[in-house]
Amino acid sequence: VDLNLKLAINEIAKRITFEARNRRGESDGQKNLSDVLQFDQTQETFLSKKKKKRKKAGKKGKKESEVGYYRRDQPITLSDTVEFKAIYELLEKVEISKQLMYVTDIEMTRDFQDGAVARKNATFTVSTFYYKGGRE
């Protein structure tokens, strides 16, 4: 089963709310975490492969797709300041989900005025593994 990381993460984030703040740091009401997630280009990394037998010597031209294990990385950027409590909740739910997802990279900075929120453009990456090719 091919896992769509964007949809899976967005489903989790829809259920998490946080106290939004305006530029002056004043309360701006509740927001869903899914409203501030920006999904960057998905990256795929080839991990291992099985040797494929060549059918006939001399037949070239078609590039064979690599059979083996891949890691799919989904970089995510937060488009607004978000409370760390909401970010921790999302990261925890990603890690304990029934689907194979885990956090591989986190880059966040605390806000200068309020240390309980991550500054705009904080990033993290969620990854999964999958097998592509013939039968194993």
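**Close-up views of a predicted model**

Phe84 is buried, with a relative accessible area of 9%. Buried means under 20% relative accessible area, exposed over 50%, and partly exposed in between (1.4 Å probe, protein chains only). This is a predicted model, in which local features need pLDDT of at least 70, side-chain atom pairs count only at pLDDT 80 or more, and totals for chains, interfaces and linings use all residues. Residues are numbered from 1 along each chain as its sequence is written, and side-chain values use heavy atoms, with hydrogens and water left out.

**View 1. Helix α2 has a buried side.** Helix α2 covers residues 84-96, 13 residues in total. Helices (H or I, at least four residues) and strands (E, at least two) are DSSP runs, numbered from the N terminus. From first C-alpha to last, α2 reaches 18 Å, close to the 18 Å expected at 1.5 Å a residue. That expected span is 1.5 Å times one less than the number of residues. Phe84, Ala86, Ile87, Leu90, Leu91 and Val94 are buried in α2. They lie on the same side of the helix because they cover an arc of only 160° around the axis. The arc is taken from the directions from the helix axis to the C-beta atoms. An α-helix has 3.6 residues a turn, so residues three or four places apart point the same way. The face turned away from the buried side carries the exposed residues Lys85 and Ile96.

**View 2. Tyr70 and Tyr130 form a stacked pair.** Rings of Phe, Tyr and Trp (its six-membered ring) pair if their centres lie within 6.5 Å; planes under 30 degrees apart count as stacked, over 60 as edge-to-face and the rest as tilted. By this rule there are 5 aromatic pairs. Tyr70 and Tyr130 sit 5.4 Å apart, centre to centre, with 15° between the planes. Tyr70 lies in strand β5 (residues 68-78) and Tyr130 in strand β9 (residues 123-132), so the pair ties together parts 60 residues apart in sequence. Tyr70 is buried at 10% relative accessible area, and Tyr130 is buried at 13%.

**View 3. Phe84 stacks on Tyr88.** The ring centres are 5.8 Å apart, with 25° between the planes. Both residues lie in α2, 4 residues apart, about one turn of the helix. Tyr88 is partly exposed, at 49% relative accessible area.

**View 4. Charges sit over the rings of Tyr130 and Tyr70.** A charge sits over a ring if NZ of Lys or CZ of Arg is within 6 Å of the ring centre and within 35 degrees of the ring normal. The charged end of Arg72 is 4.4 Å from the ring centre of Tyr130. Lys132 lies over the face of Tyr70, 5.4 Å from the ring centre. Ring pairs also link Phe46, Tyr70 and Tyr130 into a cluster.
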